[in-house]
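Welcome to this tour! Please open your viewer and keep the sequence beside it, ready to select residues as we go.

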Amino acid sequence: MNQGFYFDERACIGCRTCQVACIETHKLPREARFRRVWSYVTGTYPDASAFHLSLGCNHCAKPACVAACPQKAMYIDSEDGTVQHDDEKCIGCKTCVTACPYGTPQYREDIALVQKCDACVGYRAQGEDPVCVAACPMRAIAFGDVEELAKAHPETVSAIPVMPAADTTNPSLLMIVKQQALAEEPQALRL
């Protein structure tokens, strides 16, 4: 079984509740965000439109962070296929930070270690959803078996032009996107 995230970009309103819930739950310093939301605009007035992208770890099938980690602190969980991190093995070298094309691993200066989204493994062990999923007021995020999510949502993609190509790491990420998210040159909004 390979587990991952589903994101319905059409439902996302860019409120960043998922991001805030993650920060507060994991008691992260402001500069470390395991889930991040970006906002983009495409077109020009009067035909301008916006879209939002919410990403945690993509729990890739071929994770660059795992391949790069010299201490084997990054690893694929054999039970659910998620990419996990072992703080005890981490030496804070930031090799995984550099290797990940999505910028997922975050170096935390406050503890001199790298950490990342673990899809709230502790909550999932108790039968609960990851906090980003539970917090989303629009129900734009889900987590589960990637094959089941793909069957339920066959119109999904795993990358859009503002992201790295999916064929490098095979992200366990499925997204339904608005047409404007497929535009080649969206402008990032600074919020």
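Here is a walk from strands to core, then on to rings, a helix and some cysteines.

**Before you start.** This is a predicted model, in which local features need pLDDT of at least 70 and side-chain atom pairs count only at pLDDT 80 or more, while totals for chains, interfaces and linings use all residues. Residues are numbered from 1 along each chain as its sequence is written, and side-chain values use heavy atoms, leaving out hydrogens and water.

**Stop 1: the sheet.** Select strand β1, residues 3-8. Strands (E, at least two residues) and helices (H or I, at least four) are DSSP runs, numbered from the N terminus. Which strands form the open sheet with β1? The order is β8-β1-β9, with mixed pairing. Strands count as paired if DSSP finds at least two bridges between them. Since β8 and β9 are at the edges and each has a single partner strand, one side of each is left without a neighbour in the sheet. From one strand to the next, the twist averages 20 degrees; axes here are lines fitted to C-alpha atoms (for helices, over the stretch in contact), and angles between N-to-C directions run from 0 to 180 degrees.

β1 and β8 run antiparallel, joined by five bridges. Look for Tyr6 opposite Ala142, and for Phe7 with its bridge partner Ile141. Four of the five residues of β8 are buried, so the rest of the structure largely encloses this strand. Buried means under 20% relative accessible area, exposed over 50%, and partly exposed in between (1.4 Å probe, protein chains only).

**Stop 2: the core.** A nonpolar core is a set of buried Ala, Val, Leu, Ile, Met, Phe, Trp, Tyr and Cys residues joined through side-chain atoms within 4.5 Å. The largest one has 43 residues, and those touching the most other members are Phe5, Phe7, Leu53, Ile141, Ile160, Met163 and Met175. Apart from it lies another core of five residues, including Val146 and Leu149.

Next, select Asp8, also in β1. Is Asp8 buried or exposed? At 12% relative accessibility, Asp8 is buried. Beyond its neighbours within four places in sequence, Asp8 is in contact (heavy atoms within 4.5 Å) with Ala140 and Ile176.

Stop 3: How many aromatic pairs does the structure hold? There are two. Rings of Phe, Tyr and Trp (its six-membered ring) pair if their centres lie within 6.5 Å; planes under 30 degrees apart are stacked, over 60 edge-to-face, and the rest tilted. Phe5 and Phe143 make an edge-to-face pair, 4.9 Å centre to centre with 65 degrees between the planes. Because Phe5 lies in β1 and Phe143 in β8, the pair ties together parts 138 residues apart in sequence. Tyr40 and Phe51 are stacked, 5.1 Å centre to centre with 20 degrees between the planes.

**Stop 4: helix α1.** Select residues 17-25. Just after α1, Lys27 has a positive phi of about 50 degrees.

**Stop 5: cysteines.** The structure holds zero disulfides, a disulfide being a pair of cysteine sulfur atoms within 2.5 Å. For Cys93, the nearest cysteine sulfur is that of Cys69, 6.1 Å away. Cys93 is partly exposed, at 40% relative accessible area, whereas Cys96 is buried, at 6%.
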